[in-house]
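Subject: A structure for you to explore

Hi there,

I am handing over a structure that I have been reading through. Please open it and keep it in view while you read my notes.

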Amino acid sequence: MSDTSSGRSRSIGVRDVAARAGVSRQTVSRVLNDHPDVATDTKERVLAAMAELGYRMNNAARALGTRRSRTLGVLASDALQYGPSRSLAALEASAREAGYWVSAAFADAADVEAVVAAVDHLVVQGVEGIVVVAPHAQTLEALAALRIDVPVVTLHSAGLGATGLSVDQAAGARLAVAALADAGHTRIAHLAGPADWLEAESRAEGFAAELAARGLTPGPVIAGDWSAGSGYAAVEAVRGSGVTAVFAANDQMALGLLSALHEAGLTVPGDVSVVGFDDAPDAAYYWPPLTTVRQDFDELAHRAVSAAIGGTEAAASALAPIPPVLVSRASVAPPR
C-alpha cells in the first residue's frame, strides 16, 4: 500500500503504523524488535495496523538501528548430496521458527579463496551468526584461518571443534554392522563414501570398530562416491570377495548395489544382505525395502540455529553428537 495523494508513491513507514494503531513510533519499534515490555493488546493493535496498511519491515534499516538483522548466514560447501541438502532445508525451517531469515552462500570446499569470499559476503550482509554445512575437512581448515566476529557453528563436521555439531556417524555405522552381525553374518564388506568427506571417514571408522569389538575379521572396503552408479559398479568387488553382507555408507550407493545384485541373479537378502545410511525418503520403497540408519536432521538444525543465536554460551549438551537410529526393513536376513 502507498500514499498517492501528492501524485507520488510513498512506502508505508513506522509513522503510518503508529498513527493507525494510536501509539507512539517508539512503541511500534519495540513491537518490531520483540521487546518484552509491550502489553499484549498493544502489540496486537500494532500488528493489526501493519496488516491493514501492508507494512513491510526494512531489515537493513532495522539492522542499522538495532544492530540486529534477524538473519543467519548459511555457508555450504556441498548441497548436492542428500545429507547436506536435507540439512539446508531443516536450517531454513528452524531459523524461521526462531524468527530469523536465512542468507545462503555456496563455495567449493577445495577453493580457499571461494570459502573466504563466501564468508565475507555473509558478514557484509550483517548476519548475526553463521552455520557452516561442512562435510569436507578443507572447509574447516579455511575457516580456522579466518577471524569471524559472529558466532560460527559447523554441521556434518564429525563433532570437530568447540561448535561442531553432527549426528554420531561412527555410532550409526556400528548400528548398521551390528544389525548384520546379529543376523549371523561374519563376512561383511563396507561400500565407503569419498575419502575427503568427514562423515565417510567416521562411518568407515565405525565399521571397523564394531567388527573389532565382535572379534570379526574386517571385510573389504570398496571405494564409492555416494552415487547409485558407484554402488552399481561395486557389485563385482562384492561378488569376488565372498562376503554375505554389505554396509553401504549411504542409501544411494545401496540402491545401485541392489540393482546390480539383481541383474547378477543374486537375491537380497537371500544371497547378500545390505544396510544403508541416511534413511532417504525413498529407502522404504527400494526392492527389497532397505534397512538403514536414520539421521535426525531436524534436531541437528534446531541445535545449530540455537547455538548460532546463543553464541559461545550454548550448552555442552546441545553440542553433543546426536544419536542415530537403525530402521529395520527387509534387506537383512541370516546368511544361507
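Below is what I found, sorted by topic.

Before anything else, please keep in mind that this is a predicted model.

**The cavity**

How many cavities of 30 Å³ or more does the structure hold? There is one, and the space in the largest cavity comes to about 80 Å³. Its lining is made up of Gln-81, Tyr-82, Gly-83, Pro-84, Trp-197, Glu-199, Arg-203, Trp-226, Asn-250, Asp-278 and Gln-295. Sorted by class, these lining residues are four nonpolar, four polar and three charged.

Two helices, α5 and α9 (198–213), each give at least two residues to this lining. The largest share, three residues, comes from α5.

One lining residue deserves a second look. Most residues other than glycine have a negative phi. You will find Trp-226 in the loop between β7 (221–223) and α10 (228–233).

**Helix α5 and its partner**

Helix α5 (residues 82–97) also packs against helix α13 (residues 297–310). Their axes are 8 Å apart, and the packing angle is about 55 degrees. Angles from 65 to 115 degrees would count as roughly perpendicular, and those under 35 as roughly parallel, so α5 and α13 are oblique to each other. The crossing of α5 past α13 is right-handed.

Which residues meet here, from α5 on one side and α13 on the other? From α5 come Tyr-82, Gly-83, Arg-86, Ser-87, Ala-90, Leu-91, Ser-94 and Ala-95, and from α13 come Phe-297, Asp-298, Leu-300, Ala-301, His-302, Ala-304 and Val-305. By class, this contact has nine nonpolar, four polar and two charged residues.

**Helix α1 and its two partners**

Next, go to helix α1 (residues 14–21), which packs with helix α3 (residues 40–53) at an angle of about 120 degrees, their axes 9 Å apart. That angle makes α1 oblique to α3. Here too, the crossing is right-handed, with α1 passing α3. Asp-16, Val-17, Arg-20 and Ala-21 of α1 touch Arg-45, Val-46, Ala-49, Met-50, Glu-52 and Leu-53 of α3. This contact of α1 with α3 has six nonpolar, no polar and four charged residues.

Helix α1 has helix α2 (residues 25–32) as a partner too: their axes come within 8 Å and cross at roughly 105 degrees. The two helices, α1 and α2, are therefore roughly perpendicular to each other. On the α1 side you can pick out Val-14, Arg-15, Val-17 and Ala-18, which meet Arg-25, Val-28 and Leu-32 in α2. The classes in this contact of α1 with α2 are five nonpolar, no polar and two charged residues.

**Two cis peptide bonds**

Most peptide bonds are trans. Where can you look for cis ones? A cis bond joins Val-268 and Pro-269, with omega of about 10 degrees. Pro-269 sits in the loop between α12 (251–263) and β9 (273–275). Another cis bond joins Trp-287 and Pro-288, with omega of about -5 degrees. The loop between β9 and β10 (292–294) holds Pro-288.

Enjoy exploring!

Key
Residues are numbered from 1 along each chain as its sequence is written. This is a predicted model: local features need pLDDT of at least 70, side-chain atom pairs count only at pLDDT 80 or more; totals for chains, interfaces and linings use all residues. Side-chain values use heavy atoms; hydrogens and water are left out. Axes are lines fitted to C-alpha atoms, for helices over the stretch in contact, and angles run from 0 to 180 degrees between N-to-C directions. Helices (H or I, at least four residues) and strands (E, at least two) are DSSP runs, numbered from the N terminus. Angles under 35 degrees count as roughly parallel, over 145 as roughly antiparallel, 65 to 115 as roughly perpendicular and the rest as oblique. A crossing is left-handed if the near helix is turned anticlockwise from the far one by less than a right angle, and right-handed if clockwise. Contact means heavy atoms within 4.5 Å. Ala, Val, Leu, Ile, Met, Phe, Trp, Tyr, Cys and Pro count as nonpolar, Asp, Glu, Lys and Arg as charged, and the others, Gly among them, as polar. On a 1 Å grid over the protein atoms alone, a cavity is a set of points where a 1.4 Å probe fits but cannot get out, and a pocket is an open set with protein on both sides within 12 Å along at least five of seven lines; lining residues have an atom within 4 Å of a point. Grid points are joined across faces, edges and corners, and a volume is the space filled by probe spheres set on the points.
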